[in-house]
Amino acid sequence: MSAHADSLAAAQTVEGYNFAYLDEQTKRMIRRSLLKAVAIPGYQVPFASREMPLPYGWGTGGIQVTASILGACDTLKVIDQGADDTTNAVNIRAFFARTAGVATTTRTEEASVIQTRHRIPETPLTDQQILVYQVPIPEPLRWLEPRERETRMLHALGEYGLMQVSLYEDIAQHGRIAKTYNYPVQVSGGYIMAPSPIPKFDNPKLHRNPALQLFGAGREKRIYAVPPYTDVRSLDFDDYPFDVEHWDTACALCGATDSYLDEIVTDDAGGRRYVCSDSDYCDRRRQAGDTGAAR
Amino acid sequence: MSAHAARGADHPILSVRHLSKRFGRVQAVDDVSFDLFPGEVLGIVGESGSGKTTLLRAVAGQEAPDTGAVLYRDRWGGLVDLHALPEGRRRRLHRTDLGLVQQNPRDGLRMGVSAGANVGERLMALGHRHYGTIRQSAHDWLARVEVDPARLDDPPAQLSGGMQQRLQIARNLVSEPRLVFMDEPTGGLDVSVQARLLDLLRGLVGELGLAVVLVTHDLGVARLLAHRLMVMQAGRVVETGLTDQVLDDPQAAYSQLLVSSILPV
Ligand SMILES: Nc1ncnc2c1ncn2[C@@H]1O[C@H](COP(=O)(O)OP(=O)(O)OP(=O)(O)O)[C@@H](O)[C@H]1O
Ligand SMILES: [Mg+2]
């Protein structure tokens, strides 16, 4: 769906719903939680998550956050796995175009609000933008400590030895830290946070990002935030420092060597190629004249 | 060891005062007081249900008593009341100064991670961030408690009962605590396995100058490890004294029954 078509759809807002679907009281409640989340970076603030006309797996936490911060003048971009044209992204974008009548776009630099699942855009964000993450499991200590009361206590006391134990175990079993997505981070030297299932490739973009980053978990009823320009450190060991994925190939479409690449199987014979997961980034580069074939 | 042994010799490392704990109608611990000195092993004996575990848990700061205080003297000579400490400080003290070896190793181990991670956990909790160093410590401690260091990456469930108990001991001692609580550390083990574990414990306690509160219903274990004994009956202390005195010449009628093995212990 082109940006132009989206804007046309947006002109016809659905009657009978409040702006951006949620009622004003719910939005105020969520905004209060958001303010608290921004004031305590990385801290999971409970909120009274509402039923949304979409199943949980579709990112109802992110949708509620977006609904609460969206204004009539905003321009919304929605990505899923880096792409604007997946079913999830198209549906959420159409949802807000209909219920809020906001402009939508696929271009990262044009958006004032970007809702995302699985990626941070390759195009650097600015302090005029807000990135909203859809989060399935907000608690980074969950698989280590199933008791909610205890995880809250560990966060409150900053007792994070357990998290380090899980990294130790990774190295002992696999020879390296095997986590490749949802890689745990420490925010501003304080709370440890699950960055949602983004690849660890994106973790460095969390660090001192000029944009406000908001995280919404619908099923688990938690909101958390990383304010602009906040330190975000990926956990590691001194002798096993954090590093990101590398590819020994460039994007087959645009030739980018600095972006996160998805592996695409091209034929039954096991042929495969690598292309940018960020479709907007890839499109921009190709329109600017870069091609993978040229390299 | 001489430095703090000398300094601490006339000051108890632990002072328990008028401790009581009730469960419904059962007075599990009834007005118990005692002192423990640096390097000393105090055995708590008594029949099943006499309140040994409840007392140990309350003394170790695991369970709040109804009344009474547990005063711990820290490395700098300051007295802290374990139950009055804020949660965070209490937990930190548990990682640095105290150890707890539980009767069932499953309760004292993290079953989901390797033996090495179990030993390294305290170090990581204390801020160690060098994998190689942590692993080396875990390796050395396994050797020290006589578990083959080749088992470093095995989960505890793959270790024998005796090895699990050794692992629990290593996991506690890695941070060089000063005071360790043990609840039936040789319970549930074969006699021959028990004997070797006792030897090991005796050696470690001596080398490290540990103060130990040891709960056991096995008078043989008590005789081998404890310097002093406290005999409990129905939540109360009925006799205290040097181990040999209590076992060879018990004064209280209840102790006499206990020692003569008339009571089922
Ligand atoms: N959590 C609890 N709830 C209720 N009663 C308890 C609880 N824990 C212990 N008790 C009771 O307190 C008394 C003392 O129990 P405790 O476990 O301290 O005895 P013990 O001396 O350790 O016995 P054993 O040698 O069998 O381990 C018993 O009557 C027991 O039933
Ligand atoms: Mg017991």
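**View 1. The largest pocket of the predicted model.** Among the elements lining the largest pocket, α3(B) contributes the most, seven residues. Helices (H or I, at least four residues) and strands (E, at least two) are DSSP runs numbered from the N terminus. The model is predicted, so local features need pLDDT of at least 70 and side-chain atom pairs count only at pLDDT 80 or more, while totals for chains, interfaces and linings use all residues. Residues are numbered from 1 along each chain as its sequence is written, chains are lettered from A and ligands numbered from 1 in the order in which they are written, and side-chain values use heavy atoms, with hydrogens and water left out.

The volume of this largest pocket is about 1600 Å³. Of its 50 lining residues, E150(A), E159(A), R91(B), R110(B) and E121(B) are the closest to the centre. Two or more lining residues come from each of α5 (148-157) and α6 (161-174) in chain A, and from each of α3 (87-96), β6 (98-101), α4 (105-108), α5 (115-125) and α7 (161-173) in chain B. The lining comprises 18 nonpolar, 14 polar and 18 charged residues. In these classes, Ala, Val, Leu, Ile, Met, Phe, Trp, Tyr, Cys and Pro are nonpolar, Asp, Glu, Lys and Arg are charged, and the others, Gly among them, are polar.

Pockets and cavities are found on a 1 Å grid over the protein atoms alone: a cavity is a set of points where a 1.4 Å probe fits but cannot get out, a pocket is an open set with protein on both sides within 12 Å along at least five of seven lines, and lining residues have an atom within 4 Å of a point. Points are joined across faces, edges and corners, and a volume is the space filled by probe spheres set on the points.

**View 2. The second largest pocket.** Its volume is about 250 Å³. The lining consists of I137(A), E139(A), P140(A), R142(A), W143(A), M163(A), K179(A), Y181(A), N182(A), P184(A) and A194(A). Seven of these residues are nonpolar, one is polar and three are charged.

**View 3. The largest cavity.** The whole structure holds three cavities of 30 Å³ or more, and the largest has a volume of about 50 Å³. V41(B), M182(B), L201(B), V205(B), V212(B), L214(B) and L225(B) line the largest cavity. At least two lining residues come from each of α8 (191-208) and β8 (211-215) of chain B. The lining has seven nonpolar residues, no polar and no charged ones.

**View 4. The surroundings of ligand 1.** The shell (residues with a heavy atom within 4 Å) is formed by F23(B), V26(B), A28(B), E47(B), S48(B), G49(B), S50(B), G51(B), K52(B), T53(B) and T54(B). By class, three are nonpolar, six polar and two charged. Oxygen atoms of ligand 1 lie 2.8 Å from a polar backbone atom of G49(B), 3.0 Å from a backbone N or O atom of G51(B) and 2.5 Å from a side-chain N or O atom of T54(B). On its own, ligand 1 has 630 Å² of accessible area (Shrake-Rupley method, 1.4 Å probe), of which the protein covers 58%. β2 (26-36) and α2 (52-59) of chain B each give two or more shell residues, and the largest share, three residues, comes from α2(B).

Technical notes: A polar contact is a pair of N or O atoms within 3.5 Å; within protein, one must be able to donate a hydrogen and the other to accept it, and residues adjacent in sequence count only if both atoms are side-chain atoms.
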